[in-house]
Structures are given as C-alpha cells and as structure tokens.
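Dear colleague,

Please find below the structure that I am handing over to you.

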Amino acid sequence: KKTPSRKDEYDIVVCHANVIRYFTLRALQLPPEAWLRLGGKNGSITHLKIRPTGSVTLESFGETGHMALGEITFGMRAGFE
C-alpha cells in the first residue's frame, strides 16, 4: 500500500516586530489591539504552524535562543530590560 507523500511548505518573513505581532494576533484570531501585550526582540524568531484544516498553533514567539546574550536587543537597548 502506497502512502501519500507529505508536502510541507514554509514561508519566511523578515520584517518589523510590529508586523510580526499583528500577523500573530490575526492568525490566532485575537484582536489586533492586543499587539502591545506582546514583546519581541530584534532578530527573534516566531513560529506559527498552520494546518491544512486551518487550525493555528503558536509554536514560539520572539525566540532568541539562536543569539548570544550580548546580541539581543530591543529597539536601541541591549539585553533584557
């Protein structure tokens, strides 16, 4: 019995943190006015999983584990202030 091959697709978006916040809230069907409740450091990674059924999971938001502590910034400030 032949099983159908799975085809995953990935989109990478590089943009301002405000855009990431907005898209994340919209994908989760939350009001866009809540964007100020979300953080997000410069160069961080956000991972949304969207299934063929349309359900959405926020796997990670503002992940900075790929950067050294000294490389993490928010706006013009360094670190986690």
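This is a predicted model: local features need pLDDT of at least 70, side-chain atom pairs count only at pLDDT 80 or more; totals for chains, interfaces and linings use all residues.

Strand 1 contributes the most to the lining of the largest pocket, namely six residues. Strands here are DSSP runs of E with at least two residues, helices are runs of H or I with at least four, and both are numbered from the N terminus. A pocket is defined on a 1 Å grid over the protein atoms alone, as an open set of points where a 1.4 Å probe fits, with protein on both sides within 12 Å along at least five of seven lines; a cavity is a set where the probe fits but cannot get out, and lining residues have an atom within 4 Å of a point.

Residues are numbered from 1 along each chain as its sequence is written, and side-chain values use heavy atoms, with hydrogens and water left out.

The largest pocket

The volume of the largest pocket is about 1,200 Å³; grid points are joined across faces, edges and corners, and a volume is the space filled by probe spheres set on the points. Its lining comprises 31 residues, and those nearest the centre are Asp-11, Ile-12, Thr-46, His-47 and Leu-48. At least two lining residues come from each of helix 1 and strand 1. By class, the lining holds 14 nonpolar, nine polar and eight charged residues. In this scheme Ala, Val, Leu, Ile, Met, Phe, Trp, Tyr, Cys and Pro are nonpolar, Asp, Glu, Lys and Arg are charged, and the others, Gly among them, are polar.

Overall architecture

The protein has one helix and four strands, in the order α-β-β-β-β from the N terminus. Of its 81 residues, 14% count as buried, where buried means under 20% relative accessible area, exposed over 50%, and partly exposed in between (1.4 Å probe, protein chains only). The protein exposes about 6,900 Å², and 56% of this area is supplied by carbon and sulfur atoms. Areas were computed by the Shrake-Rupley method with a 1.4 Å probe, and for residues only the protein chains shown count as cover. Among contacts with a separation of 6 or more, 27% are between residues 24 or more positions apart; a contact means heavy atoms within 4.5 Å.

Salt bridges

How many salt bridges does a search of the whole structure find? The search finds two, a salt bridge being a side-chain nitrogen of Lys or Arg within 4 Å of a carboxyl oxygen of Asp or Glu. One joins the side chains of Glu-9 and Lys-7, at 3.8 Å from N to O. Glu-9 is exposed at 64% relative accessibility, and Lys-7 is exposed at 68%. Another joins the side chains of Glu-59 and Lys-49, at 3.6 Å from N to O. Glu-59 belongs to strand 2 (residues 56-63) and Lys-49 to strand 1, so this pair ties together parts that are ten residues apart in sequence. Glu-59 is partly exposed at 39%, as is Lys-49 at 36%.

Individual residues

Phe-61 lies in strand 2 and is partly exposed, with a relative accessible area of 23%. Apart from its neighbours within four places in sequence, Phe-61 is in contact with Ile-20, Arg-21, Thr-24, Leu-38, Gly-39, Gly-40, Ile-45 and Thr-46.

Leu-38 is in the loop between helix 1 and strand 1 and is partly exposed at 24%. With neighbours within four places again set aside, Leu-38 is in contact with Arg-21, Leu-25 and Phe-61. The C-alpha atoms of Leu-38 and Leu-25 are 9.3 Å apart, across 13 residues in sequence.

Gln-29 lies in the loop between helix 1 (17-27) and strand 1 (45-50). Although Gln-29 is not a glycine, it has a positive phi of about 60°. At 74% relative accessibility, Gln-29 is exposed.

Thr-64 is found in the loop between strand 2 and strand 3 (73-74) and is buried at 12% relative accessibility. Thr-64 and Ser-44 are 20 residues apart in sequence, with 5.0 Å between their C-alpha atoms.

Yours sincerely
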